[in-house]
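Reader: I would like to go through this structure and ask what the labels rest on. Please show it first.

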Protein chains: 2
Amino acid sequence: MPSDNRFVYIHGEIVPAENAFLHINDLAIQRGYGIFDFFKISHGHAFFLNEYLHRFYHSAEAMRLPVPLHRDALTAVIRELVSKNDLPESGIKMILTGGYSIDGYQPGKPNLIITQSPLVLPDERVLEQGISIITHEYVRDLPGVKTINYSIGIWLLEKMRQHNAQDVLYHRSGIVSEFPRCNFFIVKQDGTVITPANFVLSGITRKNILALSSNRYKTEEGVVTLQDIEEAKEAFLTSTTKRIVPITNVNDRVVGTGKPGEVALTLLNDLITLEEEDRKRGV
Amino acid sequence: MPSDNRFVYIHGEIVPAENAFLHINDLAIQRGYGIFDFFKISHGHAFFLNEYLHRFYHSAEAMRLPVPLHRDALTAVIRELVSKNDLPESGIKMILTGGYSIDGYQPGKPNLIITQSPLVLPDERVLEQGISIITHEYVRDLPGVKTINYSIGIWLLEKMRQHNAQDVLYHRSGIVSEFPRCNFFIVKQDGTVITPANFVLSGITRKNILALSSNRYKTEEGVVTLQDIEEAKEAFLTSTTKRIVPITNVNDRVVGTGKPGEVALTLLNDLITLEEEDRKRGV
């Protein structure tokens, strides 16, 4: 198995990553039952930590999984983990599983796992060229909850490879929602910035971009259709790790001019500034 | 964690169950990605083993997870496991996960886990009284594939408890499909036995009941609606562990006479006879 000399929090203690195991009775292994969240760390600063923790506890509550640590204790564990690992640019993942089940179906006491990994930022070229995506008819179960269920997203990796696409956008009957791991925005010909309102995860970057965009442009959460994308000036995705990535091709059709748009690149700069402000406010 | 002194197959060897762990990099833990299957054992005989193995390999292929053992080798491991465990009436579960992932998203080499547990048969009273169920609007992702994704089924346990229901039947826009872990049949007023044709897992017991039923009654795979249930003479579920369980109440409405019906009990006897024949044919 992949292993390294980083530390991981599991079963109430911080252990070397190579010793981080779950017994097979855990409901994540038996039934894919669990939630998670993920945020960025730079030189000890956790960006927008409050928002990520809030969403983590919200997902846990929605799936009826009590988090074994209260927020202050969880934050303290994260700080301890960060201080033990030497990973200045990294991501923290918190996974909360259904726990050890007596019958392979009823949840037990949830298992909390916290890992820290080096952050892989998107290649600079994606900002110059944009990416190509495909679409797929699907709505996630419980889209407002960050569950560990990525069966369809991972199953679609093969289809992405076949089409030489970098990501896959979900829609139902032509109404667009989100990517497996990112949110979606378009810029209409009249300059309005719009992101799907429904059947999406409340991305923290999505929320930040909505706020930043409304300072500059007419900005909406609403209905976005596949037809809207064909007529759009720009399209882009947002995510914690990727920030903003311009989309220049959808299902082999060029979006807008076929080049990354001004709105996407402007909002990316605004987001980087917002991250700097968050960092200055401190942890 | 729950542990016992039974043996489990994992990482290519048979080990005591208390030593059966997966590293947290496994894609079942990271992304709920995996498939499984489950069949019954009685005194060394595996019922309808060919059908279950066929479905297991089918699910694995559908999710693009190569099974590390060919069919003969897998069967040999199952036999060895059964001979080491002393569990005359039991169930064998084979789980195939997405394996150890280098980035928490791309599948690795799948991990195959095989466990054997004592079989808990339904209480005899359910055959005298039938069970009460509720309904919920949902269609499983990839319903023809036995994935480990039970997020919605487990999430609904609380709703079942609130309604004092023993199971929950999925439908979309009133068209019924299946339970999280069982198939569904009704008997119409004209005596036709019908089970939903679409958006269901191909249950082995469902298949056996379809064959047995067609020897006695007009039998169909087709569309079953919530309205059809209200007008039905009988309703019942089928599963590997539960065989046939009569359903006498759906969403607080009595089904038929409110008592287990003759068709359900007749087919249950036929199924028990079929199991005996399968046992006599040997393993």
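Reader: Why is B:Ser173 called exposed?

Author: The model is a predicted one, and the values are computed from it. B:Ser173 has a relative accessible area of 64%. Exposed means over 50%, so B:Ser173 counts as exposed.

Reader: Where is B:Ser173 found?

Author: B:Ser173 is in the loop of chain B between strand S9 (167–172) and strand S10 (175–176). Its phi is near 50°, a positive value in a residue other than glycine.

Reader: Why is B:His11 called partly exposed?

Author: The relative accessibility of B:His11 is 40%. Buried would need a value under 20% and exposed a value over 50%. The value falls in between, so B:His11 counts as partly exposed.

Reader: What makes A:Arg140 count as buried?

Author: A:Arg140 has a relative accessibility of 8%. The cut-off for buried is under 20%, so A:Arg140 counts as buried. A:Arg140 lies in the loop between S8 and helix H5 (151–155) of chain A.

Reader: Which residues does A:Arg140 touch?

Author: Leaving out residues up to four places away in sequence, A:Arg140 touches A:Val145, A:Thr147, A:Tyr170, A:Glu178 and A:Leu201. The side chain of A:Arg140 also reaches the backbone oxygen of A:Val145 at 3.4 Å. A polar contact needs a pair of N or O atoms within 3.5 Å, and the distance of 3.4 Å meets that limit.

Reader: Why is strand S15 of chain B said to be largely enclosed?

Author: Strand S15 (residues 243–250) of chain B has 8 residues, and 7 of them are buried, so the rest of the structure largely encloses it. In chain A, strand S15 (residues 243–250) is mostly covered, with 7 of its 8 residues buried.

Reader: How do you know that S15(B) pairs with strand S8 of chain B?

Author: Pairing needs at least two bridges between the strands. Strand S8 (residues 131–137) of chain B is joined to S15(B) by 3 bridges, and the two run parallel. B:Ile133 stands opposite B:Val250 in S15(B).

Reader: What other strands pair with S15(B), and in which sense?

Author: Strand S14 (residues 234–239) of chain B pairs with S15(B) in the antiparallel sense over 4 bridges. One of the partner pairs is B:Leu237 with B:Val245. S14(B) and S15(B) form a hairpin with 3 residues between them. Strand S16 (residues 253–254) of chain B pairs with S15(B) over 2 bridges, also antiparallel. The cut-off is at least two bridges, so the 2 bridges between S15(B) and S16(B) are enough to count as a pair. Here the bridge partner of B:Asn249 is B:Val254. In the hairpin of S15(B) and S16(B), B:Asn251 takes a positive phi near 50°.

Reader: How many residues make the contact between the chains, and what area is buried?

Author: Chain B gives 49 residues and chain A gives 49 residues. The area buried between chain B and chain A is about 4,600 Å², and carbon and sulfur atoms give 61% of it. By class, the side of chain B that touches chain A has 30 nonpolar, 10 polar and 9 charged residues.

Reader: How many salt bridges and polar contacts are counted between the chains?

Author: Between chain B and chain A the count of salt bridges is 0. The count of residue pairs in polar contact is 17, with both residues at pLDDT 80 or more. Among the elements that give two or more residues to the side of chain B that touches chain A are S1, strand S3 (21–23) and helix H1 (27–31) of chain B.

Notes:
Residues are numbered from 1 along each chain as its sequence is written. Chains are lettered from A and ligands numbered from 1 in the order in which they are written. This is a predicted model: local features need pLDDT of at least 70, side-chain atom pairs count only at pLDDT 80 or more; totals for chains, interfaces and linings use all residues. Side-chain values use heavy atoms; hydrogens and water are left out. Buried means under 20% relative accessible area, exposed over 50%, partly exposed in between (1.4 Å probe, protein chains only). Contact means heavy atoms within 4.5 Å. Buried area is the accessible area (1.4 Å probe) that two parts lose on being put together, summed over both. A salt bridge is a side-chain nitrogen of Lys or Arg within 4 Å of a carboxyl oxygen of Asp or Glu. A polar contact is a pair of N or O atoms within 3.5 Å; within protein, one must be able to donate a hydrogen and the other to accept it, and residues adjacent in sequence count only if both atoms are side-chain atoms. Ala, Val, Leu, Ile, Met, Phe, Trp, Tyr, Cys and Pro count as nonpolar, Asp, Glu, Lys and Arg as charged, and the others, Gly among them, as polar.
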